[in-house]
Amino acid sequence: MALFRTLSKRATVLRRTPHLLWRSAAMSNVPENTVYGGPKPQDPDQRVTLAHLRQKHRNGEPITMVTAYDYPSSVHLDTAGIDICLVGDSAAMVVHGYDTTLPITLDEMLVHCRAVARGAKRPLLVGDLPFGTYESSTKQAVDTSVRVLKEGGMDAIKLEGGSPSRITAAKAIVEAGIAVMGHVGLTPQAISVLGGFRPQGRNVCSAVKVVETALSLQEAGCFSVVLECVPAPVAAAATSALKIPTIGIGAGPFCSGQVLVYHDLLGMLQHPHHAKVTPKFCKQYAHVGDVINKALLEYKEEVTNGSFPSPLHSPYKISNSEVDGFLKELQQLGLDKAASAAAEAAEKMQKTKSSGGSA
Ligand code: KIV
């Protein structure tokens with residue numbers, strides 16, 4: 001009983017302090033599944049739900065959304081208290097290095113979704129339906145959405161566009177019991193017909209279309225709509241016309257919430273190719289790419305000059321008597337050169353340890 005109490009107290013502390021869970025997982029020898037667990041049942045006290053989002057929207061509190069594609073990025077979003085974590089098909093560009101979002105497959109997206117679901121326990125998890133997996137029929141759209149929830153561990157899906165068939169698909173997905181986020185304005189999966197990554201809503205006809213499409217998606221049962229790359233007055237009109245929250249990206253400040261792509265927000269991609277394609281609307285809140293480059297250069301330098309790993313990062317010790325025995329065994333095996341190498345290494349480690357310096 002005392003043991004049980006100690007263990008459950010420890011579990012409570014770990015739940016409240018995720019950094020401890022992180023450290024204990026890193027040191028743990030229990031199987032990975034029992035540590036990370038995979039998708040969990042929704043706990044309304046812990047997970048952001050549609051009800052929380054509606055409440056925020058009613059209170060006029062801005063909703064925060066950021067993309068994530070893997071375990072560490074989703075842990076960061078969770079720790080920062082971001083409301084919605086979008087496993088966006090932007091993964092095709094910022095993770096896989098394609099020029100557009102079109103090539104990513106459903107199976108690739110599901111791998112990203114599962115990794116994110118293991119890391120983000122609090123944000124509402126939304127998974128993008130990738131290009132080519134929902135346009136052919138309503139059945140295809142429902143089947144793909146079911147996979148995103150069942151196999152990807154997501155709470156909701158996002159689809160792009162608002163053509164009549166897309167609206168029908170959105171309605172059918174909602175009727176299948178799956179929450180749907182819409183996406184209008186610049187819909188990157190449609191660059192073929194849009195003629196590239198072009199802002200939308202810049203003339204009367206296009207601006208009205210943005211608002212009308214958003215209204216149709218609301219009518220179909222969507223819980224929220226992303227407005228991408230439209231002028232602020234157009235986003236303001238859509239936000240005012242809709243009862244559901246709008247989430248803007250390159251759509252100005254008058255939306256119910258905002259979303260940015262993780263890598264863009266962090267200034268992670270410093271390669272000239274990516275610097276060229278980082279969208280104009282994106283504010284870089286950090287220059288993580290510079291930090292990463294600096295760390296990799298430092299690592300390369302230290303490995304090259306032999307200062308890494310120092311005794312500080314060579315934690316596994318062997319006593320002098322065990323070294324002696326080991327050397328004798330090596331010699332008996334005829335491995336004299338290996339014995340000399342081991343003896344030299346033991347001496348060096350001893351010396352650098354006692355001098356307190358690096359190797
Ligand atoms: O895929 C994505 O990252 C998105 C956001 C830009 C909204 O759809």
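# Close-up views of a predicted model

View 1. Residues are numbered from 1 along each chain as its sequence is written, and side-chain values use heavy atoms, leaving out hydrogens and water. Look for histidine 263 in helix α13, which covers residues 262-265. Helices (H or I, at least four residues) and strands (E, at least two) are DSSP runs, numbered from the N terminus. Which residues does histidine 263 touch, not counting those up to four places away in sequence? They are Tyr69, Val94, Val95, Met268 and Leu269, where touching, or contact, means heavy atoms within 4.5 Å.

**View 2. Zooming out, the chain holds 17 helices and eight strands.** The chain has 359 residues, and 41% of them are buried. Now take the contacts in the chain with a separation of 6 or more: residues 24 or more positions apart account for 57% of them.

**View 3. Helix α5 (residues 71-80) has Ser73, Ser74, Leu77 and Asp78 as buried residues.** Seen down the axis of α5, these buried residues fall within an arc of 140°, so they line one face of the helix. The arc is that of the directions from the helix axis to the C-beta atoms. What covers the buried residues of α5? The cover includes strands β1 (63-67) and β2 (84-87), together with helices α7 and α13. Just after α5 comes glycine 81, with a positive phi of about 75°.

**View 4. Methionine 109 counts as buried because its relative accessibility is 1%.** You can find methionine 109 in helix α7, residues 106-119. Leaving aside residues up to four places away in sequence, methionine 109 touches Val87, Gly88, Asp89, Ile104, Asp128 and Pro130. Between methionine 109 and glycine 127 there are 18 residues of separation in sequence and 8.1 Å in space, C-alpha to C-alpha.

**View 5. Helices α8 (residues 138-150) and α9 (residues 164-175) cross at roughly 45°, with axes that come within 9 Å.** The axes are lines fitted to C-alpha atoms, for helices over the stretch in contact, and angles run from 0 to 180 degrees between N-to-C directions. The two helices, α8 and α9, are therefore oblique to each other. Angles under 35 degrees count as roughly parallel, over 145 as roughly antiparallel, 65 to 115 as roughly perpendicular and the rest as oblique. From α8, Thr138, Ala141, Val142 and Ser145 make the contact, and from α9, Thr168, Ala169, Ala172 and Ile173. By type, the contact residues of α8 and α9 are five nonpolar, three polar and no charged. Ala, Val, Leu, Ile, Met, Phe, Trp, Tyr, Cys and Pro count as nonpolar, Asp, Glu, Lys and Arg as charged, and the others, Gly among them, as polar.

**View 6. Helix α11 (residues 204-219) packs with helix α12 (residues 232-241) at an angle of about 25°, their axes 9 Å apart.** That angle makes α11 roughly parallel to α12. On the α11 side, Ala207, Val210, Val211 and Leu215 meet Val234, Ala237, Ala238 and Ala241 of α12. The contact of α11 with α12 involves eight nonpolar residues, no polar and no charged.

**View 7. In helix α12, the buried residues are Val234, Ala235, Ala238 and Thr239.** Looking down the axis of α12, you would see its buried residues within an arc of 135°, so they line one face of the helix. Pro233 and Ser240, on the other side of α12, are exposed. Among the elements covering the buried residues of α12 are α11, β6 (224-228) and β7 (246-249).

**View 8. Cysteine 229 has a positive phi of about 50°, although it is not a glycine.** Where does cysteine 229 lie? Cysteine 229 belongs to the loop between β6 and α12. Its relative accessible area is 12%, so cysteine 229 is buried.

**View 9. A cis peptide bond, with omega near 0°, runs from phenylalanine 308 to proline 309.** Proline 309 sits in the loop between α15 (288-305) and α16 (320-332).

Note on methods:
This is a predicted model: local features need pLDDT of at least 70, side-chain atom pairs count only at pLDDT 80 or more; totals for chains, interfaces and linings use all residues. Buried means under 20% relative accessible area, exposed over 50%, partly exposed in between (1.4 Å probe, protein chains only).
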